[in-house]
Number of protein chains: 2
Amino acid sequence: MDQVEIFKALSNKTRLQILSWLKDPSLNFPDQLNPDFENVGVCVGQIQIKAGLSQSTISEYLSILQRAKLVSATRVGQWTYYKRSEEGLKQLTEIISKEL
Amino acid sequence: MDQVEIFKALSNKTRLQILSWLKDPSLNFPDQLNPDFENVGVCVGQIQIKAGLSQSTISEYLSILQRAKLVSATRVGQWTYYKRSEEGLKQLTEIISKEL
DNA sequence: TTGGTATATCGGGAAAAGCCGATATATATT
DNA sequence: AATATATATCGGCTTTTCCCGATATACCAA
């Protein structure tokens, strides 16, 4: 549980937006194709379009968030679906309330 | 209230340590000269010694924490005393619980 | 197998952060 | 005024982050 890594992941406007968007996928990603995306998450392409940055950048950002355990990924066919990891976010709350 | 600025301020091991040390100054800074330091804070020099980085670096780190409203400063004579800004830290908790 | 789509990885240029020593500024003392 | 101490600011070198385009990989469909 590397605190610095978590805070670095959060030190970017786009990555904070992604986390926020993933709080309510049906609201923020109405064009999503997969009907089960509330459970499985949102695919990289949708996030990329919404963020307006390049595909490679968004892919990298998602893996930064994943390494910090703030999101989790599920591969289904040719898509990778990302969703918030409430477990990791709970850990963050604990860090802040106890250690900080 | 720039969230990115706050998280950037927290994205450094030394700065996290400083915040943590300032939770209990009498424990972490036993050599402190000012007897009232529990209220006023800890001076830059003491923090610098404890951190083991250069004076200029620590001075800069403290102003980064201050800009993020995580600490506050009080100048008394030739010393500047820094202490945690519980107000700013409360704001951080709110950001995380509500917006993130 | 061939081609198409989704994502990941690589290489790199530009900007920011990490950290230093030197210097400037503010205050206190003599 | 001169000196000493504490802190802040400046200039610079090194490492990391921000993004990109190009390419590689994985999967699917014909």
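Tutor: A definition is required at the outset: Ala, Val, Leu, Ile, Met, Phe, Trp, Tyr, Cys and Pro count as nonpolar, Asp, Glu, Lys and Arg as charged, and the others, Gly among them, as polar. By these classes, the surface near DNA strand C has six nonpolar, 15 polar and two charged residues. Please keep in mind that the model is a predicted one.

Around DNA strand C there are 23 residues, of which C43(A), G45(A), S56(A), S56(B) and G77(B) come nearest. The elements that each supply two or more residues to this surface are α5 (44-51), α6 and β3 of chain A, together with α6 of chain B. Helix α6(A) provides the largest share, six residues.

We now turn to the other DNA strand. DNA strand D has 24 residues around it, and S54(A), S56(A), C43(B), G45(B) and S56(B) come nearest. Two or more residues each are given to this surface by α6 of chain A and by α5 (44-51), α6 and β3 of chain B. Here the largest share, six residues, belongs to α6(B). The division by class is six nonpolar, 15 polar and three charged residues.

The surroundings in chain B may be considered next. An open sheet of three strands is found there, with antiparallel pairing and the order β1-β3-β2. Its edge strands are β1 (42-43) and β2 (71-76) of chain B, each of which pairs on one side only. Strand β1(B) is joined to β3 (residues 79-84) of chain B by two bridges in the antiparallel sense. In this sheet C43(B), one of the residues that come nearest to DNA strand D, stands opposite Y81(B) of β3(B). Helix α6 (residues 55-67) of chain B lies across β2 and β3 of that chain, and runs at about 120° to β2(B).

Several of these elements also contribute to the largest nonpolar core, which has 40 residues. The residues with the most contacts inside this core are V42(A), L65(A), V42(B) and L65(B). Elements of both chains give two or more residues to the core: α1 (3-9), β1 (42-43), α6 (55-67) and β3 (79-84) of chain A, together with α1, β1, α6 and β3 of chain B. If residues up to four places away in sequence are not counted, V42(A) touches L22(A), P25(A), F29(A), Q32(A), F37(A), I47(A), Y81(A) and Y82(A).

The two chains also touch each other, and the contact takes 18 residues from chain A and 18 residues from chain B. On the side of chain B, the elements that give two or more residues are α1 (3-9), α2 (13-21) and α7 (86-99). The largest share of that side, six residues, comes from α7(B). Its residues divide by class into nine nonpolar, six polar and three charged.

K69(A) is placed in the loop between α6 and β2 (71-76) of chain A, and its phi is near 60°, a positive value in a residue other than glycine. In chain B, K69(B) is found in the loop between α6 and β2, with a positive phi near 65°. Most residues other than glycine have a negative phi. K69(A) counts as partly exposed because 18 other C-beta atoms lie within 10 Å, and K69(B) is also partly exposed, with 18 C-beta neighbours inside 10 Å.

Conventions:
Residues numbered from 1 in each chain as written. Chains lettered and ligands numbered in written order. Predicted model: local features only at pLDDT ≥ 70, side-chain atom pairs only at ≥ 80, totals over all residues. Contact = placed C-beta atoms within 7 Å. Helix = DSSP H or I, 4+ residues; strand = E, 2+ residues; numbered from the N terminus. Pairing = 2+ DSSP bridges. Axes fitted to C-alpha atoms, helices over the stretch in contact; angles between N-to-C directions. Core = buried A, V, L, I, M, F, W, Y, C linked by C-beta atoms within 7 Å. Buried ≥ 20, exposed ≤ 12 C-beta atoms within 10 Å, placed from the backbone. Near = placed C-beta within 6 Å.
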